[in-house]
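Here is a walk through one protein chain. Keep the sequence and the 3D view side by side as you read.

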Amino acid sequence: MDIEQLAKLNELKEKGLLTAEEFNKQKKALLNPESANKAPVKNKKGVNWKNLGKSFIITLFWFLGVIFITSIITDVTITKDSTITEDKAIKGFTNLLYFLSAIGFTIIASKLETKKYKNYCPAWEIFIGVWALRELGVWIAVYEFLQIKQGNATLKEKTKAPKSIMRNEEVEKPKERTTVRCSSCNALNTVIVGEVCYCEFCGNPIKESK
């Protein structure tokens, strides 16, 4: 820490050559030179490989969970009803679990408002992706959820609606005119209603017309 530089900064502040904000900024830079030299961290664009790996692991556990639950329900069903084949039961319960999963992921997407983010799927696309693409759809959905939760997603730019009337400008209404007779010279004059005008012939004021 350079005491002489701090003294100079304090002297400049007392003379009014430095504002309080500038003084505190330069003082902080002198006291913590390492933090002052550090560049601000920016969010990296492109694929976040860390979240991609996390979403893959979550998808894997989800897939194993579907298999486990399906096998248990299938065994119970076959035990109670021997007319149902194992293949038919597995297929039916697997489709049911995928459908319920698609609904669940759609609800999460709606709460996170994925449609507001650039290049991210809205809730209805999440539903179709999970139902049609199965594991791949779940992987994509989980990755997008992680990105949004961590603040790595970019919001879409809002488009401003065109204005029919320009700002701070009013449409001027046409002024109503009428013909009156001057009380001084008895000449006819065309005047604006509600304003005091002057006779075109004698120059005398014409009373406000009503």
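Start with how cover is judged. A residue is buried under 20% relative accessible area, exposed over 50%, and partly exposed in between, with a 1.4 Å probe and protein chains only. Asn 119 has 72% relative accessibility, so Asn 119 counts as exposed.

Now the ground rules. This is a predicted model, in which local features need pLDDT of at least 70, side-chain atom pairs count only at pLDDT 80 or more, and totals for chains, interfaces and linings use all residues. Residues are numbered from 1 along each chain as its sequence is written, and side-chain values use heavy atoms, with hydrogens and water left out.

Look at the whole chain next. It has seven helices and four strands. These are DSSP runs, numbered from the N terminus: helices are H or I with at least four residues, strands are E with at least two. Along the sequence, the pattern reads α-α-α-α-α-α-α-β-β-β-β. Of the 210 residues, 24% are buried. The accessible surface is about 16,800 Å², and carbon and sulfur atoms hold 58% of that surface. Such areas come from the Shrake-Rupley method with a 1.4 Å probe; for residues, only the protein chains shown count as cover. Contacts (heavy atoms within 4.5 Å) tell us about reach along the sequence. Among those between residues at least 6 apart, 47% join residues at least 24 apart.

Turn to the surface. Phe 56, Ile 57, Leu 60, Phe 61, Leu 64 and Ile 67 form a nonpolar patch there, with about 590 Å² of accessible area together. Patch residues have over 30% relative accessible area and no salt bridge; like charges are joined within 9 Å, nonpolar side chains (Val, Leu, Ile, Met, Phe, Trp, Tyr) within 5 Å. Leu 60 belongs to helix H4, residues 49-80. Leu 60 counts as partly exposed because its relative accessibility is 41%.

What about charges? Side chains of opposite charge can pair when their charged atoms come close. A salt bridge needs a side-chain nitrogen of Lys or Arg within 4 Å of a carboxyl oxygen of Asp or Glu. The count here is one salt bridge. Lys 116 and Glu 113 make a salt bridge, at 3.1 Å from N to O. Lys 116 is partly exposed at 42%, and Glu 113 is partly exposed at 35%.

Next come the rings. Rings of Phe, Tyr and Trp (its six-membered ring) pair if their centres lie within 6.5 Å; planes under 30 degrees apart are stacked, over 60 edge-to-face, and the rest tilted. The whole structure has six aromatic pairs. One of them is Phe 99 with Trp 131, edge-to-face, at 5.9 Å between centres and 85° between planes. Phe 99 lies in helix H5 (residues 86-112) and Trp 131 in helix H6 (residues 123-133), so this pair ties together parts 32 residues apart in sequence. Phe 105 and Phe 145 are stacked, because their centres are 6.2 Å apart and their planes lie at 25°. Both Phe 105 and Phe 145 are buried.

Finish with Arg 134, in the loop between H6 and H7. Arg 134 lies over the face of Tyr 98, 4.1 Å from the ring centre. Its charged end also sits over the ring of Trp 131, 5.1 Å from the centre. The rule asks for NZ of Lys or CZ of Arg within 6 Å of the ring centre and within 35 degrees of the ring normal. Most residues other than glycine have a negative phi. Arg 134 has a positive phi of about 55°.
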